[in-house]
Amino acid sequence: LFYVFASRFEPQSAQNFAALIQQQVSSKDTSPKGIIIADVDPRGDVQGGDVTFTEALKKDQVFTKAYGYACWNTAGNTIGTALPHGIVYGMAKTQLATQLKAKNISAKTSKNLGHQLLEHQNWFMLNRLLDDYTYHSLVRPEVQQAIREKKWNTFRLTTEQTATAEQMCTEKMLPLAKSTAAQFFGKTKGKPATLSQFQFDLPWNRTFEAEIDFSLTFSKKP
């Protein structure tokens, strides 16, 4: 199921749409459907996720159950990231189950591959939350304001200005990244994880795009 949220400026739309998605992911349907979410900025002045909508999904632990998600930049980039994310993950899960049913792999191999698949899925989903939403919707507006006060061009930073901006972003992003990871994994039935080795870069010497990397260390016990 592909949910596209493009009504953030309509009253109560964020809460209502988030509730609709939560109802679906919590369904007791014996044949559950994969959920893919695209949060589109209809005006193009934020190029990140809607705060009310995203926080509602975070609170309800939707992202730990969703197959795909994105909310960055243009509608095309958002949809073009969310759809392949969800489709690839869904196909991987289906193929793994099919191979196990056909006895092409052992139950032990299937379990190990399933854990690896979930770990990669969790990393990419958390990366989308940190990059698409946390940076663009929460951190970037504050950093851009600080940069403009310095009379710098946010689209053409010098090497020295980029380094300063990256440091500002890192200081704001790191505590948010850790709290988001803790919230993301806090109530899941999967393996708990610890976020470390956080890295933040502005590869194009502008605040418009960011590169965020980190490590997730999964414990052996749920």
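Helix H2 (residues 51-59) lies across strands E1, E2 and E3, and runs at about 155 degrees to E2. Axes here are lines fitted to C-alpha atoms, for helices over the stretch in contact, and angles run from 0 to 180 degrees between N-to-C directions. Helices (H or I, at least four residues) and strands (E, at least two) are DSSP runs, numbered from the N terminus.

This is a predicted model: local features need pLDDT of at least 70, side-chain atom pairs count only at pLDDT 80 or more, and totals for chains, interfaces and linings use all residues. Residues are numbered from 1 along each chain as its sequence is written, and side-chain values use heavy atoms, with hydrogens and water left out.

**The sheets**

The three strands form an open sheet in the order E1-E2-E3, with parallel pairing. Strand E1 (2-5) and E3 stand at the edges; each has a single partner strand, so one side of each is left without a neighbour in the sheet. From one strand to the next, the twist averages 10 degrees. Two strands pair if DSSP finds at least two bridges between them. E1 and E2 have four bridges, in the parallel sense. Phe-5 stands opposite Asp-39 in E2.

Strand E4 (residues 193-201) pairs with E5 in the antiparallel sense, over seven bridges. Thr-194 has Thr-217 in E5 as its bridge partner. Strand E5 (residues 211-218) has two faces. Ile-212, Phe-214, Leu-216 and Phe-218 make up the covered face. Glu-211, Asp-213, Ser-215 and Thr-217 make up the uncovered one.

| Helix | Number of residues | End-to-end C-alpha distance | Expected span |
|---|---|---|---|
| H4 | 43 residues | 59 Å | 63 Å |

The expected span is 1.5 Å times one less than the number of residues. H4 bends by about 55 degrees at Tyr-135. That bend is the angle between axes fitted to the seven residues ending there and the seven starting there.

Lys-151 follows H4, with phi near 65 degrees.

How do H3 and H4 pack, and at what angle? The angle is about 170 degrees, and the axes are 10 Å apart. That makes H3 roughly antiparallel to H4, a label for angles over 145 degrees. Residues that meet across this pair include Thr-81, His-85 and Tyr-89 in H3, and Ser-110, Leu-113 and Phe-124 in H4.

Buried means under 20% relative accessible area, exposed over 50%, and partly exposed in between (1.4 Å probe, protein chains only). Among the buried residues of H3 are Thr-78, Ala-82, Gly-86 and Leu-96. The buried residues of H3 pack against strand E2 (36-39), strand E3 (68-70) and helix H4 (107-149).

**Two single residues**

Ser-110 is in helix H4. Its relative accessible area is 11%, so Ser-110 is buried. Leaving out residues up to four places away in sequence, Ser-110 touches Leu-96, Leu-100 and Ile-105. Contact means heavy atoms within 4.5 Å.

Glu-171 is found in helix H5 (residues 159-186). Is Glu-171 buried or exposed? At 53% relative accessibility, Glu-171 counts as exposed. Glu-171 and Tyr-133 are 38 residues apart in sequence, and 17 Å apart in space, C-alpha to C-alpha.

Terms used: Angles under 35 degrees count as roughly parallel, over 145 as roughly antiparallel, 65 to 115 as roughly perpendicular and the rest as oblique.
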